[in-house]
Amino acid sequence: MSAFVIFGVLAALLLMEYLSVGARAEKLLFHCSADRELTEPGGVVTVTACVTNSSALPRLFVRVWMFFGEGVSLREDKAWADRYRDRGYPSLCIRRRLSLMPHTTAVFKVRLSFSERGVHGLGRYILESGDFLGLRTLQNVGKMEPELVVTANRAEGLEQALPLNGLLGDHSVRRLLYEDPTLIVGARDYSGREPMRSISWTQTAIRGKLMVRTYDHTAEPSAVILADLGGKQEEKEAVLALTRSVCEALQQACVPYALFSDGDLFKTDTGLGPAHLDYILERIGRARPTEFSGFRDLTERCLEERGSAADWILIVPSRSEEIEGCLRRIEARSGGCARILFGEDWQRTGTEGEEGSVWKLRPAS
């Protein structure tokens, strides 16, 4: 009797081994996703990886390697890193061992951060599985999706270099004096600073997010940002950092703003709200940055389009006679305030590629 039992067990094992040898690597699937598509240097991104056994046979021996590119740092604790990080590779590599029953999925997460601005692919993966007895190896190799956009670092000391209360103060006062609550001209995203009575519940229900009413008034405060992407590479990166910080400052002050560039930032029409800011931050992250046309041509186009309808903020790499001439022309034509920021006046803290580093105003010499 026992011989028949042993024979039956051996036959079952051999049958499982025969079937598992014929299993295809394509039946083992890998998919990953990130909790955000836009982040900043040093910001934590959680990547969720899913390994699925879509076959009718168990996969008892599965190994997963996730190879991440340069500039990616692991943001897990030491115990997690000691258990799952493969230190046999110069770059970041995560290794997991799994056992998957038929039609099941294993899910695990890893927290990462990126040190440099730009568009970053997550890297590549390798799935390795064996037959039922572990005598044969199958591999599945692919690219991890999606890509992540890392925007520029922030610039500290902006209040000292660009006092927005002085730049836009007159318009803000006129808005409070002459705003007419009976003339509703539209709606925009709720920033969290408007009074609850300004919320348009009809537009909120239609769009699925909080919206506030915008009114017609004598003087609508607004700003036009001109970003020059010429000059040295370090100065260009400072321009991008300053552009991000100026946009965030205007967003916090609830002042609509438009962005024009002579390069890879292109043009963004006047707007306000989280969606408007996120679009610009993504453009900053994707910028190469490259200058397409001269700053003087950009100034003339903007003056022709905008006239005196807004205050102006110029963000340029360095001082030059051309830039000073453009500033004087804007002040003469617009009749409003105009301020200028120079990328050469700012320096990045820490070493190259340091996570979360910021741009600071250089000490006055």
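Mentor: A charge is said to sit over a ring if NZ of Lys or CZ of Arg is within 6 Å of the ring centre and within 35 degrees of the ring normal. The model shown here is predicted. In it, the charged end of R319 is placed over the ring of F342, at 4.1 Å from the ring centre.

Trainee: Over which ring does the charged end of R96 sit?

Mentor: The ring is that of Y84, and the charged end of R96 lies 3.9 Å from its centre.

Trainee: Why does the pair of F30 and Y125 tie together parts that are apart in sequence?

Mentor: F30 belongs to strand β1 (residues 28-34) and Y125 to strand β9 (residues 123-130), so their pairing ties together parts 95 residues apart in sequence. Both F30 and Y125 are buried.

Trainee: What geometry does the pair of F67 and Y89 have?

Mentor: F67 and Y89 are arranged edge-to-face, with 5.0 Å between centres and 80° between the planes. This pair links distant parts of the chain, 22 residues apart: F67 is in strand β4 (residues 59-68), while Y89 is in the loop between α2 (78-84) and β6 (93-100).

Trainee: Let us turn to the backbone. Which residue has a positive phi of about 55° although it is not a glycine?

Mentor: In general, most residues other than glycine have a negative phi, and most peptide bonds are trans. The residue in question is H103, found in the loop between β6 and β7 (104-114). H103 counts as exposed, at 57% relative accessibility. F266 also has a positive phi, near 60°; this residue lies in the loop between β16 (257-261) and β17 (267-271) and is partly exposed, at 40% relative accessibility.

Trainee: Where does the chain have a cis peptide bond?

Mentor: The bond from E145 to P146 is cis, its omega being near 0°. P146 is located in the loop between β10 (137-144) and β11 (148-150).

Technical notes. Residues numbered from 1 in each chain as written. Predicted model: local features only at pLDDT ≥ 70, side-chain atom pairs only at ≥ 80, totals over all residues. Heavy atoms only, no water. Helix = DSSP H or I, 4+ residues; strand = E, 2+ residues; numbered from the N terminus. Buried < 20%, exposed > 50% of the residue type's maximum accessible area, 1.4 Å probe, protein only. Phe/Tyr/Trp six-rings, centres within 6.5 Å; stacked < 30°, edge-to-face > 60°.
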